[in-house]
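Thanks for asking me to look this one over.

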Amino acid sequence: MSGHEQLIDSLVSDLAPSRPLPRLWLLALAWLLPAAIFVVVITGLLGPLRPNAFSQLAGEPRFLLETLLGVVAIAVAALVAFYSAVPGAINRRWQMAALWLIGLWLLNYVVGLAYPALEPSMLGKRDHCVFETFLYALPPLIVGLVVLQRRLYPLQPLRSAVLAGLVAGMLPALYMQIACMYTPLHILKFHIAPGLMVALVAPLLMLALRRWMA
């Protein structure tokens with residue numbers, strides 16, 4: 001046996017079969033659905049929902065469209081977060097599409113400063129919604145980062161972390177449009193802003209997890 005063959009044999013002798021790559025859309029769904037359920041349940045347990053929110057969804061088409069756009073934007077961003085953790089699994093167009101959808105959804109509230117989807121009202125105001133939005137996003141985010149790190153080993157972990165943080169932060173931000181008062185300026189300052197802060201914190205959490213799991 002040649003020296004090259006012996007070298008190859010010595011390198012491969014201790015190799016174990018690698019796990020097959022999970023279906024990424026299933027992995028994303030398995031994270032997103034429990035995360036959404038957690039946000040809905042914890043929000044309801046720790047405070048009442050706005051009394052007329054669901055009747056407004058049924059009776060105000062623009063409010064319904066605004067909410068559905070948020071749901072679609074978050075779902076697409078969740079898929080992109082997991083697919084972006086695998087080289088070549090998704091192209092840049094999908095990443096830009098997710099960001100454009102998030103931006104288009106958030107633009108509704110900027111437009112709403114002049115032309116709100118609902119009559120602005122203090123009804124349903126939650127005194128600590130700014131902290132709720134941020135804190136409710138952290139458990140889903142940590143779970144998502146652990147899944148990304150353990151199952152996919154992203155080559156660009158900080159980018160994947162930001163995307164996961166954006167999804168985790170936008171989940172409570174979106175649901176606060178039902179749980180809390182509807183005033184566009186309040187929404188931008190106390191729901192959207194802390195949700196975006198989660199995306200900024202996510203890379204730091206990812207780095208901490210990588211060191212802890214190393």
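**Notes on the helix packing**

1. Helices α2 and α4 pack with their axes 9 Å apart, at an angle of about 125 degrees. That makes α2 oblique to α4; angles under 35 degrees count as roughly parallel, over 145 as roughly antiparallel, 65 to 115 as roughly perpendicular and the rest as oblique. Axes here are lines fitted to C-alpha atoms, for helices over the stretch in contact, and angles run from 0 to 180 degrees between N-to-C directions. The crossing of α2 and α4 is right-handed; right-handed applies if the near helix is turned clockwise from the far one by less than a right angle, and left-handed if anticlockwise. On the α2 side the contact (heavy atoms within 4.5 Å) is made by Leu24, Trp25, Leu27, Ala28, Trp31 and Leu32, and on the α4 side by Ile74, Ala75, Ala78, Leu79, Phe82 and Tyr83. By class, the residues of this α2 and α4 contact are 12 nonpolar, no polar and no charged. Ala, Val, Leu, Ile, Met, Phe, Trp, Tyr, Cys and Pro count as nonpolar, Asp, Glu, Lys and Arg as charged, and the others, Gly among them, as polar.

2. A word on the basis: this is a predicted model, in which local features need pLDDT of at least 70 and side-chain atom pairs count only at pLDDT 80 or more, while totals for chains, interfaces and linings use all residues. Residues are numbered from 1 along each chain as its sequence is written, and side-chain values use heavy atoms, with hydrogens and water left out.

3. The protein chain has 8 helices and 0 strands. Helices (H or I, at least four residues) and strands (E, at least two) are DSSP runs, numbered from the N terminus. Of the contacts in the chain with a separation of 6 or more, 86% are between residues 24 or more positions apart.

4. α2 also packs against α7, at an angle of about 40 degrees and with the axes 10 Å apart. This crossing is right-handed. Among the residues making the contact are Trp31, Leu32 and Ala35 of α2 and Val167, Leu171 and Tyr175 of α7. The contact of α2 with α7 has 14 nonpolar, 1 polar and no charged residues.

5. How do α5 and α7 lie relative to each other? Their axes come within 12 Å and cross at roughly 30 degrees, and the two helices are therefore roughly parallel. The crossing of α5 and α7 is left-handed. The contact includes Ile102, Trp105 and Leu106 of α5, and Arg159 and Met170 of α7. It divides into 8 nonpolar, 2 polar and 1 charged.

6. The largest nonpolar core has 57 residues, and Trp105, Leu145 and Met170 touch the most other members. Such a core is a set of buried Ala, Val, Leu, Ile, Met, Phe, Trp, Tyr and Cys residues joined through side-chain atoms within 4.5 Å. α7 gives the most to this core, with 14 residues. Leaving out residues up to four places away in sequence, Met170 touches Ile74, Ile102, Trp105, Leu106, Ile192, Gly195 and Leu196.

7. Do look at Leu118, in the loop between α5 and α6. Leu118 is buried, with a relative accessible area of 4% (buried means under 20%, exposed over 50%, partly exposed in between, with a 1.4 Å probe and protein chains only). Beyond its neighbours within four places in sequence, Leu118 is in contact with Arg50, Gln56, Glu60, Phe63 and Tyr182. The C-alpha atoms of Leu118 and Tyr182 are separated by 7.2 Å, although these residues are 64 apart along the chain.
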